[in-house]
Amino acid sequence: MGRHDSTRRRVLQVTATTVAAGLLAGCTGGGNGNGNSGNGNGDDTPGDSDDSGGDSGGDTPDFDGWFDGVPNYDGVTDATGESEVTVDVGAGSDGLTFDPPAVRVDSGTTVLWEWTGNGGAHNVVADGGDFESDLYSESGETFEYAFDSAGTYKYYCNPHKTMGMKGVVVVE
């Protein structure tokens with residue numbers, strides 16, 4: 001019976017160590033990047049904490065799954081220090097993406113969305129209702145918005161949202 005007690009004790013030690021390591025990873029920001037303090041309901045309001053770290057060459061936060069199905073998302077493009085940033089509307093081989101899909105800017109930066117003319121008619125709609133463009137299909141059409149408040153702003157093209165035409169502006 002002593003051998004079974006020893007085995008049971010070892011299993012409990014390994015289990016306790018594994019659970020403690022998992023909890024520690026969640027507390028220190030480790031794990032899969034989903035441990036944030038955003039509201040988690042998909043309509044983060046400006047100022048919500050979200051997965052906004054990373055750049056196009058490294059960490060790829062998923063913004064609570066917002067970029068699931070977005071084919072050209074591979075991280076956040078750092079455009080801090082620029083007064084104006086351009087995002088192409090209707091990018092990609094099928095014209096159904098924003099490029100870059102995620103960009104980090106400073107407060108006070110203006111984002112200019114410029115239509116490529118590809119993929120049909122598109123618009124730019126803030127998930128939280130902060131801004132909305134008209135529906136355009138012609139190359140060269142533009143829409144701009146000045147981001148004055150820090151936060152994470154998710155946006156999409158209404159006709160193509162279910163096809164993965166979504167983006168994010170992270171304002172510091």
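Visitor: What should I know before I start?
Guide: This is a predicted model, so local features need pLDDT of at least 70, side-chain atom pairs count only at pLDDT 80 or more, and totals for chains, interfaces and linings use all residues. Residues are numbered from 1 along each chain as its sequence is written, and side-chain values use heavy atoms, with hydrogens and water left out.

Visitor: How many helices and strands does the protein have?
Guide: Helices (H or I, at least four residues) and strands (E, at least two) are DSSP runs, numbered from the N terminus. Here there are 1 helix and 9 strands. The order from the N terminus is α-β-β-β-β-β-β-β-β-β.

Visitor: What share of the residues is buried?
Guide: Buried means under 20% relative accessible area, exposed over 50%, and partly exposed in between (1.4 Å probe, protein chains only). Of the 172 residues, 36% are buried.

Visitor: How many salt bridges does a search of the whole structure find?
Guide: Side chains of opposite charge can pair when their charged atoms come close. A salt bridge needs a side-chain nitrogen of Lys or Arg within 4 Å of a carboxyl oxygen of Asp or Glu. The search finds 1. R104 pairs with E172, and their closest N and O atoms are 3.2 Å apart. The two sit 68 residues apart, with R104 in strand 4 (residues 102-105) and E172 in the segment after strand 9 (166-171).

Visitor: Which residues cover the two faces of strand 4?
Guide: In a regular strand the side chains alternate between the two faces of the sheet. In strand 4, A102 and R104 lie on one side, V103 and V105 on the other, and all are buried.

Visitor: How do strands 1 and 9 run relative to strand 4?
Guide: Two strands pair if DSSP finds at least two bridges between them. Strand 1 (residues 77-78) runs parallel to strand 4, joined by 2 bridges. Strand 9 is also parallel to strand 4, with 4 bridges. R104 is the bridge partner of D78 and stands opposite V170 in strand 9.

Visitor: Which peptide bond is cis, and where is P100?
Guide: Most residues other than glycine have a negative phi, and most peptide bonds are trans. The bond from D99 to P100 is cis, with omega near 0°. P100 is in the loop between strand 3 (97-99) and strand 4.

Visitor: What is the phi of F63?
Guide: F63 has a positive phi of about 50°. F63 lies in the loop between helix 1 (2-27) and strand 1 and is buried, at 0%.
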